[in-house]
Amino acid sequence: MKDLFYLGEFTALLFLFGASQAALITGISVILFPELGAIAYGVLSKPQGGWAKQPILLVLTPTLAAIVGIIIEKYWGYSPLSVSLSIALALVIIFVLRSPIVPALAAGYLPVILGEDSLSYPIAVCVTISLLVIVLLILRPFYVNNHQQQSQQVTDDLLKIDHHGLISFIIFVFLMQIMVYFSGLKFILFPPLVVVSYEILTKPEHCPWGKQLIRLLILTLVMVSIGLITLHFLGNHSSAILITVIMGMVMCRILDIYLPPAMAMGLLPFVAPHPDIKLLISTAIGIAVFIIYYFLYNSFFKKSMGTN
């Protein structure tokens, strides 16, 4: 299975390289939206996983969230209300569709934080993920077929959420917006953090990242730094994107953590309006605040609930 995992990683690299080339040729930068890195890596490296087993929802969930996101941006612009609305409506889409595709949260929030209101964004999301599904279907016969029952269990687990954790997630997003308002640093609540915090808070029994917080912190800082460095020295070109994703895979191995959103973190500088040291500072503050918040949530709230 390890060889097949490597095959998936290599295919993800090729796919993201192709997407970056398409973005350069067409001039439509949102073709390579950051969450595409997370989704491609997560789906192609684990074709038997929960995301890969739902190809229709894989396309539909982030596409609908992206449509909602550009509508909110077009009519309300960036504000605490529009941020809350984009994340809340993406959650509604996930719940209504019973979809395990949590990166849709970031897909819906991204146009609001970037000021993207063009229809080209949801079209790009739909087309690129549709192509990804085609690649997945081509790749799937190379994998053994004895994981169906296990994969169904994984999919069911992805749909189960802790309702106290959901409330805690909503509170976290609210608190982060207060920090954004007073600091002026929009990317304190960066899109991959929305995905990571939701997974950790609402799926504590099935999400391993809550027990790997230091690694999560290191990986976040390293990936954003790598994205900034490659962008600075190589420009917004396919080579820079390829190196960033390769380094993301290498860092996941070094730190022994399987974190698809790490690819989105590395690609974030390539779409950020002003990719400079402020972006690194903002993401560092965001992930550090979440870790402190999660520690306090576990130490006080969850323990108090357990004693009642």
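A crossing of two helices is right-handed if the near helix is turned clockwise from the far one by less than a right angle. Keep that in mind for the close-ups below, which all come from a predicted model.

**Figure 1. Helix α3 meets helix α4.** Here you see α3 (residues 55-76) packed against α4 (residues 80-97), with their axes 9 Å apart and an angle of about 155° between them. That angle makes α3 roughly antiparallel to α4, since anything over 145 degrees counts that way. As for handedness, α3 and α4 cross in the right-handed sense. On the α3 side, the contact is made by L57, L60, T61, L64, A65, V68, I72 and W76. Facing them from α4 are S82, L85, S86, L89, A90, I93, I94 and L97. Sort the residues of this contact by class and you get 13 nonpolar, 3 polar and no charged.

**Figure 2. Helix α4 on its own, and what covers it.** How many residues does α4 have, and how far does it reach? It has 18 residues and spans 26 Å from first C-alpha to last, close to the 26 Å expected at 1.5 Å a residue. Look for its buried residues: S82, V83, S86, I87, A90, L91, I93 and I94. If you wonder about the spacing of residues along a helix, here is a handy rule: an α-helix has 3.6 residues a turn, so residues three or four places apart point the same way.

**Figure 3. Helix α4 meets helix α5.** Now we turn to another partner of α4. The axes of α4 and α5 lie 8 Å apart, and the two helices pack at an angle of about 155°. The pair is therefore roughly antiparallel, and α4 passes α5 in a right-handed crossing. From α4, the residues in this contact are S82, V83, S86, I87, A90, L91 and I94. From α5, they are A104, L105, G108, Y109 and V112. The class count for α4 with α5 is 9 nonpolar, 3 polar and no charged residues.

Figure 4. Why stop to look? Because most residues other than glycine have a negative phi. R98 sits in the loop between α4 and α5 (104-114). Is R98 buried or exposed? At 56% relative accessibility, R98 counts as exposed, because the cut-off for that label is over 50%.

**Figure 5. D256, another positive phi in a loop.** D256 is not a glycine, yet its phi is positive, at about 55°. You'll find D256 in the loop between α11 (238-255) and α12 (261-267). With a relative accessible area of 56%, D256 is exposed.

**Figure 6. Helix α9, tucked inside.** α9 has 12 residues and reaches 17 Å between its end C-alphas, close to the 16 Å expected at 1.5 Å a residue. How many of its residues are buried? The count is 12 of the 12, so α9 is largely enclosed by the rest of the structure. Among these buried residues are P191, P192, Y198 and E199.

**Figure 7. Helix α8 meets helix α9.** α8 and α9 pack at an angle of about 150°, with 8 Å between their axes. They are therefore roughly antiparallel to each other, and α8 passes α9 in a right-handed crossing. The α8 residues in the contact are G165, L166, S168, F169, F172 and M176. The α9 residues are L193, V194, S197, Y198, L201 and T202. By class, that gives 8 nonpolar, 4 polar and no charged residues.

**Figure 8. T11 and its contacts.** T11 belongs to helix α1 and is buried, with a relative accessible area of 14%. Skip its neighbours within four places in sequence, and T11 is in contact with L44, V135 and L139. Also look for S45: T11 and S45 are 34 residues apart in sequence, but 8.4 Å apart in space, C-alpha to C-alpha.

**Figure 9. S29 in a loop.** S29 is placed in the loop between α1 (2-26) and α2 (34-45). With a relative accessible area of 45%, S29 is partly exposed. Between S29 and L119 there is a separation of 90 residues in sequence and 13 Å in space, C-alpha to C-alpha.

Notes:
Residues numbered from 1 in each chain as written. Predicted model: local features only at pLDDT ≥ 70, side-chain atom pairs only at ≥ 80, totals over all residues. Heavy atoms only, no water. Axes fitted to C-alpha atoms, helices over the stretch in contact; angles between N-to-C directions. Helix = DSSP H or I, 4+ residues; strand = E, 2+ residues; numbered from the N terminus. Parallel < 35°, antiparallel > 145°, perpendicular 65-115°, else oblique. Contact = heavy atoms within 4.5 Å. Nonpolar A, V, L, I, M, F, W, Y, C, P; charged D, E, K, R; others polar. Buried < 20%, exposed > 50% of the residue type's maximum accessible area, 1.4 Å probe, protein only. Expected span 1.5 Å × (residues − 1).
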